[in-house]
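Here is a short briefing on part of a protein model, written for a reader who is new to looking at structures. Please keep the sequence and the 3D view open while you read.

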Amino acid sequence: MALDYSQYDGILVARRDKILTITLNSPETLNAFTGPMHTSMSRIWDEVNDDPDVHVVVLTGAGRAFSAGGNVIAMQKKIDDPAAWEAGMPEARRIVFRMLECDKPIIARVNGHAVGLGATIALLCDIIIAADHAKIGDPHVNAGLVAGDGGALIWPQLIGFARAKEYLFTGDLMTAAEAERIGLINHVVPADQLDEKVYELARRLAGGAMRSIRWTKQAINIPLRQLAHSMMDLSLSLETQSNLTKDHQEAVSAFAEKRRPNFSGR
């Protein structure tokens with residue numbers, strides 16, 4: 001009997017043969033993370049990992065974007081009520097660990113911009129395929145925040161420390177073509193060929209020697225999991241501290257007032 005994924009709010013889950021497609025589902029906000037979406041992403045991977053009817057996962061976003069990342073409007077609430085921020089930290093930690101621990105292959109179908117936490121979620125996938133109009137970046141610092149919810153973990157492992165520092169210090173977005181060129185993602189294709197490319201690979205993997213594929217992923221991810229254990233607690237703690245800085249408040253106020261932030265370094 002197929003497992004029921006209908007209890008997960010903020011996402012859509014569809015199954016076809018042995019391929020499970022998880023869609024971040026808040027297209028009106030470019031799939032910026034809502035509370036329910038964040039909770040669902042922190043919990044679904046255990047069930048996916050144990051589901052015998054799932055061989056491969058495709059992770060994507062509804063509408064024009066993969067995910068815009070954090071919800072800037074909701075950030076003011078977390079400044080005013082730090083407990084609301086802290087309540088989400090165990091979930092943030094679980095998202096990273098559970099994605100790395102899930103031994104089913106996960107393909108990111110990057111159908112549009114992947115920004116901040118959205119970029120982290122995409123880059124934690126095993127294979128990343130993007131449409132040619134998509135851009136990818138982690139602008140935590142431009143919101144006065146530490147890139148602590150996974151960006152500081154995964155970016156250096158994919159493109160090296162020098163490039164990762166430049167992109168994480170500036171918050172600049174890059175094109176999908178540039179992301180492919182420097183090895184941040186696997187493939188970039190015209191938007192009208194995205195599904196063909198993603199699901200052709202998903203079907204190939206789903207029809208492969210699944211135990212061998214899963215165990216190979218386990219072996220490859222050992223260093224990433226060890227690294228996550230060594231740094232995620234501190235990374236999230238530093239991001240939590242940055243939630244209370246004057247620069248973060250300035251960034252949120254500037255967004256609400258539709259102006260450029262004037263950072264003081266405090």
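Alanine 228 has a relative accessibility of 0%, and it therefore counts as buried (under 20% relative accessible area, with exposed being over 50% and partly exposed in between, using a 1.4 Å probe and protein chains only). The model is a predicted one, in which local features need pLDDT of at least 70 and side-chain atom pairs count only at pLDDT 80 or more, while totals for chains, interfaces and linings use all residues. Residues are numbered from 1 along each chain as its sequence is written, and side-chain values use heavy atoms, with hydrogens and water left out.

**Alanine 228**
- Alanine 228 is found in helix H9, residues 210–242, where helices are DSSP runs of H or I with at least four residues and strands are runs of E with at least two, numbered from the N terminus.
- Leaving aside residues up to four places away in sequence, alanine 228 touches Phe97, Leu100 and Leu153, contact meaning heavy atoms within 4.5 Å.

**Helix H3**
- Phe97 and Leu100 are among the buried residues of H3, which also include Trp85 and Met89.
- A kink of about 30 degrees lies at methionine 89, shortly before proline 90; the bend is the angle between axes fitted to the seven residues ending there and the seven starting there.

**Helix H5**
- Leu153 is one of the buried residues of helix H5 (residues 151–159), and Trp155 and Pro156 are also among them.
- The buried residues of H5 pack against several elements, including H3 and H9.
- Glycine 160, which follows H5, has a positive phi near 90 degrees.
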